[in-house]
Structure formats: C-alpha cells, structure tokens
Amino acid sequence: MAGIDQLRRMPRFRRVMRLRLIGHAGMVGGVAIAVVCATLIASRPQTTEVERPEQRHRDIMLCLDASASMDDDNVAVVDEVQTIVGDLPGDRFGMTLWSQAAVTVLPLTDDSDHVAAQLEQARQAFEKSSGSFFGGVQLNGQAASLLSDGIVSCAQRFDLATEDRSRVIVVSSDNDPQGQAIYTLAEAAAYAVEHEVVVHGMGSSDLARRDRTAARTEFNDALATTGGVLGLVGVDGAPGEIVRRIDDLERQRVAQPPRRVIVDDSRLSARLAGATLGLLVTTWWGYLLLVGSRSPRRGRRPVGRS
C-alpha cells in the first residue's frame, strides 16, 4: 500500500491520470451530445415555409337554356354535359341558367365534386320540372329562350377579366327564341370573339328536323365565328368532339393565395447527423492520441543481462 501511495504522489502518475480523466470526460460528453443530436434527428425537425402554388386551368361556363321548349331535352343535355365535365379534369367550371334572363347557380370553381353535385341537382330539377331551381330566368313571361342574350350573359360571368385566360362557353339551346332579344345571334357571337370566348353548343334534338334547318345553320354559323362547334343531343360523338376542341386550348396559369406549410427539414437532420459522427470520431481519436502520447515507454533490456 505504501508503494501505491508513493506511486500516486509521483508527478508523472498524476499527470497521466489527469489526462485519462480528461479523455474519459471528453468521451462521455461526446456521447451525451451524440445522444442529444440523435434525439433531435428522431424527432424529425420541421420548418415552416410559404408556398405560392400555381395551377393551370381553362375556364368553362355551362350555359343551359331553362325555357319550357327545352323540357324534353334538358335531362339529356345535363347527361351530355356531365360527360364533358368528366373528360376535362382540372378545369374550372361554372353554370348559368337562362331563358329571358340569366342566373348563375355555380360560379367558376375547380372543385369537381361540387360541380358534379350541382349538375346532378340540375338534372333532377329538369326531370321534375322544379320551378324553384329556375327562379329568376323568366321575368314576366313575355319572352323565352333568348339564345343570343344568354350567350352574352354567360360571357359576362367569367372572372379574372384582366388575365390572359382560355375561356369557353358550352351553351344548350333549340334556337327557338320567343320575344325580342337585345342582341342578335351574330352580335352575340361577335361579343364573344371580342372578349376571346369560344362558344360550343349542345343543340336540341329538334334541330335535326328538316324544318329546323335554318335555325340549326344560324346556330352553327354563330358558333363557328367564335371557333366553336355545334353538337346535337343524342348524336353519338357530339360531347367527344366538344371535349377535343376544348382540349386544343391551352391551360393558363392561375396563381393561388400564399399558404404556410410545415415540412421536414432534411438539411438540419443531415447537418446534425454529420456533426454527431464528426464529434464522436474526433473525441475518440483525440482521446487515443492524448493517452497514447503520455503512456510510459518500456526500455530495452541490456544485452547479456539475465
């Protein structure tokens, strides 16, 4: 014991022990910091960013003739329109009913579920002749099915007026106006062209009759002026042709309101992981070098001595 006490009092021994204690303390501290860093990484560090999303859309206004003369066709019209909407995912749709006056029942929206629900409600209303759904389209009963005024009214329903947009009207009608309209059909087509609106039509099945040739031709020529096409209800391929024409139009960008989103900060995790590894390696090598450089070296035994 006396020898051990004497050894402990030696300056060299004390210096070696002090270095070992410092080395062990450094290792313990490094491990503790590594544990903290690992815990932070496991907790998935997150950061808040501001996104400015941008989507591409075409604006399509469904412009449905709600006059009594279309009663026999309007259920089929809605079926055709549902096909058109289903084939154009991602576009914005609105719906306006008209006869003597126009009433917007669905402003432009990209909520496809809401559009589908409104179309189904319109279908049921047409099927049951529900007057409440068509409230406001007949002002005094002296005029009806004013196609030209309906087109102009629907062209005025587009928002984002100052932006460069692809705007389309899909109008249903039998082109059998009753009463005096404000615009002629040619003037309505010119109005649409002036406002860069393409008008496609879903015509009543009555327009296929020979005695309605003039009305069909007038309707078709007005649509062609805007770059549109006329399809007849119940004719195979009519909705498909309108969809193809609309698909030829470029989708334009629509800037969405900025929104804050929380995302995992992978950069912070990578930095913490690198720092942790570097700290452990540095501490370990520092400890080995520190202790190894202070370890007593064994002397050689003199040759010839036992």
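## Contacts and burial in a predicted model

Pro-89 is placed in the loop between α3 and β4. With a relative accessibility of 58%, Pro-89 counts as exposed, because the exposed class begins over 50%. In space, the C-alpha atom of Pro-89 is 7.6 Å from that of Ser-112, although 23 residues separate the two in sequence.

Side chains of opposite charge can pair when their charged atoms come close. Asp-91 and Arg-58 meet in this way through their side chains, forming a salt bridge with an N to O distance of 3.1 Å. Because Arg-58 sits in the loop between β2 (54–57) and β3 (59–65), and Asp-91 in the loop between α3 (74–86) and β4 (92–98), the pair ties together parts that are 33 residues apart in sequence. Are these two partners buried or exposed? Arg-58 counts as buried, since its relative accessibility is 2%, and Asp-91 counts as buried at 3%; the cut-off for that class is under 20%.

A salt bridge joins Arg-58 to Asp-247, with the closest N and O atoms 3.0 Å apart. Asp-247 is partly exposed, its relative accessible area being 41%, whereas Arg-58 is buried.

Attention may now turn to two helices. Arg-123 and Asp-79 form a salt bridge in which the closest N and O atoms are 2.7 Å apart. Asp-79 is in helix α3 and Arg-123 in helix α4 (residues 112–128), so this contact ties together parts of the chain 44 residues apart in sequence. Asp-79 counts as partly exposed, with a relative accessibility of 29%.

How many salt bridges does the structure hold? The count is 11. Beyond the individual pairs already described, a network of salt bridges links Asp-59, Arg-92, Asp-159 and Arg-165.

The structure contains 1 disulfide, formed by Cys-63 and Cys-154, whose sulfur atoms are 1.9 Å apart. The torsion about the S-S bond is about 80°, and the disulfide is therefore right-handed. Since Cys-63 lies in strand β3 and Cys-154 in helix α5 (residues 147–155), the bond ties together parts that are 91 residues apart in sequence. Both Cys-63 and Cys-154 are buried.

Why can α5 be described as largely enclosed by the rest of the structure? The reason is that 9 of the 9 residues of α5 are buried. The buried residues of α5 are Leu-147, Ser-148, Asp-149, Gly-150, Ile-151, Val-152, Ser-153, Cys-154 and Ala-155. An α-helix has 3.6 residues a turn, so residues three or four places apart point the same way.

Arg-12, Arg-14, Arg-15 and Arg-18 form a positive surface patch. One of these residues, Arg-15, is found in helix α2 (residues 11–42). Arg-15 has a relative accessible area of 35% and is partly exposed.

Asn-175 has a phi near 50°, a positive value in a residue other than glycine. The position of Asn-175 is in the loop between β6 (167–173) and α6 (185–194), where Asn-175 is buried with a relative accessible area of 7%. Glu-196, which is likewise not a glycine, has a positive phi of about 55°. This residue is located in the loop between α6 and β7 (197–203). In terms of accessibility, Asn-175 is buried, whereas Glu-196 counts as exposed at 54%.

Notes:
Residues are numbered from 1 along each chain as its sequence is written. This is a predicted model: local features need pLDDT of at least 70, side-chain atom pairs count only at pLDDT 80 or more; totals for chains, interfaces and linings use all residues. Side-chain values use heavy atoms; hydrogens and water are left out. Patches are made of residues with over 30% relative accessible area and no salt bridge: like charges are joined within 9 Å, nonpolar side chains (Val, Leu, Ile, Met, Phe, Trp, Tyr) within 5 Å. Accessible areas come from the Shrake-Rupley method with a 1.4 Å probe; for residues, only the protein chains shown count as cover. A salt bridge is a side-chain nitrogen of Lys or Arg within 4 Å of a carboxyl oxygen of Asp or Glu. Lys and Arg count as positive and Asp and Glu as negative; His and the chain ends are not counted. The place of a charge is taken as NZ of Lys, CZ of Arg, CG of Asp or CD of Glu. Helices (H or I, at least four residues) and strands (E, at least two) are DSSP runs, numbered from the N terminus. Buried means under 20% relative accessible area, exposed over 50%, partly exposed in between (1.4 Å probe, protein chains only). A disulfide is a pair of cysteine sulfur atoms within 2.5 Å.
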